Amino acid sequence: ELAEKATFKETVYLMINGRLPNRDELTRFSILLNDHSLVHEDMRSFYESFPRISHPMGILSSMVNALRSFYPELQNLEEEINMTVTRLLSKIRTMAAMSYKISRGHKVVYPRPDLAYCANFLNMMFHSPVRPYEIDEDAVNALRVFWILHADHEQNCSTSAVRLDGSARVNLYAAISAGIAALWGPLHGGANQAVIEMLSDIAEKKNMAHAIERAKDKEDPFRLMGFGHRVYKTYDPRAKIMKKMCDSLLNKLNISDPLLDIAKELEVVARKDDYFVEHNLYPNVDFYSGIVLRAIGIPTSMFTVMFAIGRLPGWIAQWKESLDDPNWKLGRPRQIYTGPPQTQFVPIDKR
Ligand code: SDX
């Protein structure tokens with residue numbers, strides 16, 4: 001329902017505050033996000049020092065962690081929390097677009113006060129002094145749906161990293177940086193990039209049947225990217241909406257993407273195969289999401305950054321939930337030792 005009716009900003013407000021904002025609250029939230037959308041100018045030199053081939057997720061995780069250095073802790077706890085949350089929600093767009101522009105040697109585009117959250121990001125990504133970016137409402141809407149669908153998802157790998165990190169009472173920038181690092185993994189948020197790379201490889205080699213056989217082979221580390229889930233043993237409801245979004249967006253933008261046809265065919269073929277049926281493996285949120293991002297013009301290397309921007313309000317909401325828990329303890333999972341029994345030290349000349 002949120003993906004159909006809400007803006008991403010409203011959804012963010014809902015997750016951070018527990019209810020949708022009224023008009024005045026939304027206006028005040030917009031003004032706050034606008035006022036904190038710039039990045040400290042001294043951070044530019046950080047960005048410019050990364051090798052041009054650096055992965056945007058590595059840059060984002062490092063730069064979010066660096067925010068504490070540029071925005072020191074405020075004495076008043078409530079203000080510290082509110083300002084840190086606001087800065088993260090607003091600056092993550094600017095930081096993501098900056099890494100893209102600088103990696104291409106292009107002029108950094110600043111956020112604009114007259115553009116709403118999603119449109120502002122697209123403008124920072126694609127505007128150039130010689131080719132002004134024309135806001136495409138269909139692309140903005142697709143990005144809105146994409147970010148809402150990614151906004152939160154219970155105790156997944158990266159959210160657990162944020163909570164565990166946060167349980168040490170480290171600042172929120174550092175805890176979110178840990179979440180970004182976990183999301184980067186190809187088994188988690190990095191899957192959206194891996195899906196497109198897999199579909200492109202199948203398109204080039206025309207070897208769908210071989211890919212399916214490799215995915216089923218226990219000896220082969222290859223997995224069908226975008227398929228399966230730690231929790232969903234049925235069709236990921238987000239994938240259903242994303243698949244519909246592919247068709248409607250590509251039609252509206254008058255784009256045909258051969259990878260969408262391959263994705264659809266791969267889904268049909270896999271779901272007819274006993275291995276995938278018996279293991280309850282279905283498309284997950286990442287299977288079709290890359291097609292939507294490609295249609296918007298987002299480069300593949302930035303796909304997981306897009307996931308991170310969407311998931312940020314969820315990470316913050318889950319961290320706040322812990323913070324509000326008076327019994328929030330330092331995270332300390334236990335282990336059952338299964339190694340060798342007590343052994344004596346052996347001096348090196350006797351080893
Ligand atoms: C996300 O947790 C969340 O909520 C995450 C997320 C979120 O919103 O935060 O939803 C986002 O991370 C989605 C997942 C994105 N990852 C991928 O698409 C990567 C491809 N998927 C697989 O790597 C795998 O499905 C995992 C890692 C997602 C889950 O793997 P598990 O934990 O092994 O899943 P499982 O226990 O259900 O697997 C059952 C069997 C196993 O074989 P057996 O050892 O029992 O013989 O199915 C096999 C798995 O090896 N299997 C696959 C497979 N996924 C599982 N075989 C081939 N291809 C796959 N994709």
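Two aromatic rings, from Phe, Tyr or Trp, count as a pair when their centres lie within 6.5 Å, and planes over 60 degrees apart make the pair edge-to-face. I start there because a pair of aromatic rings is described by the distance of the centres and the angle of the planes. What we have on screen is a predicted model.

By that rule, the structure holds 12 aromatic pairs. One of them joins Phe227 and Phe287, with 5.1 Å from centre to centre and 90 degrees between the planes, which is edge-to-face. Phe227 sits in the loop between helix H12 (208–216) and helix H13 (237–252), while Phe287 belongs to helix H16 (residues 285–296), so this pair ties together parts that are 60 residues apart in sequence.

Now the ligand. The space it takes is the largest pocket. There are 25 residues around the ligand, and those that come nearest are His153, Lys218, His229, Lys233 and Arg238. By class, that shell has 10 nonpolar, 8 polar and 7 charged residues.

Taken alone, the ligand exposes 1,100 Å², and the protein buries 80% of that.

How values were computed
Residues numbered from 1 in each chain as written. Predicted model: local features only at pLDDT ≥ 70, side-chain atom pairs only at ≥ 80, totals over all residues. Heavy atoms only, no water. Near = heavy atom within 4 Å. Areas by Shrake-Rupley, 256 points an atom, 1.4 Å probe, with all protein chains shown as cover. 1 Å grid on protein atoms, 1.4 Å probe; cavity = no way out; pocket = protein on both sides within 12 Å on 5 of 7 lines; lining within 4 Å. Sits in = over half its atoms within 2 Å of the grid points. Nonpolar A, V, L, I, M, F, W, Y, C, P; charged D, E, K, R; others polar. Phe/Tyr/Trp six-rings, centres within 6.5 Å; stacked < 30°, edge-to-face > 60°. Helix = DSSP H or I, 4+ residues; strand = E, 2+ residues; numbered from the N terminus.
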